[in-house]
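Work through the exercises below with the model open. Each task is followed by a stepwise solution.

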Amino acid sequence: MTTFIAVLYIISFALFIYGLMGLTGPRTAVRGNWIAAIGMGIAVIATLLTPGMSNWLLIALGVAIGVVVGVPSARKVKMTAMPQMVALFNGVGGGAVALIAWVEFRTTEGYAHEPAYVAIASLFAAIVGSVSFWGSNIAFGKLQELISGRPITLGKLQQPVNALVLIAAIVFAVVIAVGGDAELLMIGLLIAAGVVGVVVVLPIGGADMPVVISLLNALTGLSAAAMGLALDNTALIVAGMIVGASGSILTNLMAKAMNRSIPAIVAGGFGGGTAVASSGSGEVRPVRSTSASDTAIQMAYANKVVVVPGYGMAVAQAQHVVREMAKLLEAKGITVAYAIHPVAGRMPGHMNVLLAEADVPYEQLKEMDEINSEFAQTDVALVIGANDVTNPAAETDPGSPIYGMPILKVNHSRSVIVLKRSMSSGFAGIDNELFYDAKTSMLFGDAKSSVGEIVEELKAL
């Protein structure tokens with residue numbers, strides 16, 4: 001039986017890795033998800049076959065509750081709310097690890113007679129899992145707009161408070177590790193770690209939320225791996241390390257895409273979703289407005305149109321009507337492509353997911369490094385709800401908070417049309433210099449309605 005279980009684990013790990021490879025591209029992502037899910041199913045079976053496994057009724061109850069809650073939630077969630085679901089599900093994983101660590105503390109009477117590595121790994125898992133759970137819940141609240149997307153800080157006291165609660169969690173862990181077995185110690189550890197998660201994520205604004213989600217995901221993976229080490233559970237160790245390593249790599253890539261360091265992001269204070277735009281000098285700067293009719297005519301006579309989607313497109317759920325517009329342009333012999341910035345939206349790959357849902361051909365989705373060289377040959381760049389990721393100030397204004405952040409260089413196009421509800425700022429809370437460019441026209445209104453009007457005008461041409 002031991003050999004059989006080991007073989008099942010090896011098979012499941014191979015499927016994990018193979019499935020992860022599939023997630024590197026939109027065309028293979030669905031298949032990769034299924035392969036990894038099958039691997040997880042095999043790992044669960046292997047764990048249940050482990051000698052000494054008991055309480056089958058409780059296990060079955062837990063599985064049933066998970067299925068009843070998880071499946072309908074995942075099936076009904078709108079694609080625009082996917083970042084919130086990712087944050088919430090990730091937090092549940094961290095919370096589960098923290099609870100397992102608590103149970104391990106109770107069943108071993110404070111890790112009495114357990115090797116030191118078991119206590120250390122379990123306590124590490126408890127701290128990181130609790131941080132991930134509460135931090136992910138705050139991220140969910142910000143994304144769902146239950147909590148303000150703007151940074152919520154204690155000012156100069158923020159970093160001292162962060163350090164204080166983290167030190168408190170570590171002190172509880174040290175006392176337990178050296179022999180403390182009072183349950184209040186473990187409860188204190190979990191509470192202190194939970195406060196760390198809350199006070200660290202609250203000051204982080206909407207502009208950094210994609211990186212935060214990725215970072216918390218990596219933390220959940222690391223906590224699971226540590227708990228697997230404490231429980232001698234191979235599945236938890238391997239799966240946790242895969243999630244932790246991939247999440248860490250993604251976090252680093254996302255931070256680089258914003259020209260931000262991870263410590264600076266964790267320090268918080270950048271990017272509020274409801275900040276008011278300002279020109280800095282208080283002056284009113286003129287912009288040029290356009291209409292759906294003029295936009296349709298301009299695109300109909302273009303050779304190449306590049307659509308630049310952002311969170312505004314997601315909020316308006318305009319992806320399907322955008323695809324309809326693209327089909328009409330393609331029928332007229334116009335080349336259409338989609339420029340994807342790595343941090344557009346509120347989670348990694350958010351725009352890719354939305355556009356794939358609307359059956360946009362994968363070969364039309366162009367990553368930033370690939371599409372930037374094509375803007376100079378683009379007749380019309382149609383910006384739909386994107387803001388900070390198209391702001392030329394990132395390249396021209398050393399005093400801008402986004403200076404140095406790689407952007408989609410839509411200002412190099414022959415003309416730019418921006419679909420936006422108003423002149424309000426993006427998550428970074430600053431003016432977008434693109435709006436005032438002589439080549440830019442603004443089409444104000446709900447993105448879905450505006451694109452729908454453009455579609456009707458194109459049909460009439």
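**Exercise 1.** Find the bridge partner of Leu 419 in S6.

Solution. The model is predicted. Step 1: in S6, Leu 419 is bridged to Leu 443. Step 2: look at the strands. S5 (residues 416–420) and S6 run parallel and are joined by five bridges. Step 3: check burial. Of the five residues of S6 (residues 440–444), four are buried, so the strand is largely enclosed by the rest of the structure.

**Exercise 2.** Classify the packing of helix H5 against helix H8.

Solution. Step 1: take the geometry. H5 (residues 116–143) and H8 (residues 209–231) pack at about 155 degrees, and their axes are 8 Å apart. Step 2: apply the cut-off. Angles over 145 degrees count as roughly antiparallel, so H5 is roughly antiparallel to H8. Step 3: assign the hand. The crossing of H5 past H8 is left-handed. Step 4: sort the contact residues of H5 with H8 by class: 18 nonpolar, seven polar and one charged.

**Exercise 3.** Describe the aromatic pair of Phe 105 and Tyr 111, then that of Phe 133 and Trp 134.

Solution. Step 1: count. The structure has four aromatic pairs. Step 2: Phe 105 and Tyr 111 lie 5.7 Å centre to centre, with 70 degrees between the planes; the pair is edge-to-face. Step 3: Phe 105 is buried at 3% relative accessible area. Tyr 111 is buried too, at 5%. Step 4: the ring centres of Phe 133 and Trp 134 are 5.0 Å apart and the planes stand at 80 degrees, so this pair is edge-to-face. Step 5: Phe 133 is partly exposed at 26%, and Trp 134 is partly exposed at 41%.

Key
Residues numbered from 1 in each chain as written. Predicted model: local features only at pLDDT ≥ 70, side-chain atom pairs only at ≥ 80, totals over all residues. Heavy atoms only, no water. Axes fitted to C-alpha atoms, helices over the stretch in contact; angles between N-to-C directions. Helix = DSSP H or I, 4+ residues; strand = E, 2+ residues; numbered from the N terminus. Parallel < 35°, antiparallel > 145°, perpendicular 65-115°, else oblique. Left-handed = near helix turned anticlockwise from the far one by under 90°. Nonpolar A, V, L, I, M, F, W, Y, C, P; charged D, E, K, R; others polar. Buried < 20%, exposed > 50% of the residue type's maximum accessible area, 1.4 Å probe, protein only. Pairing = 2+ DSSP bridges. Phe/Tyr/Trp six-rings, centres within 6.5 Å; stacked < 30°, edge-to-face > 60°.
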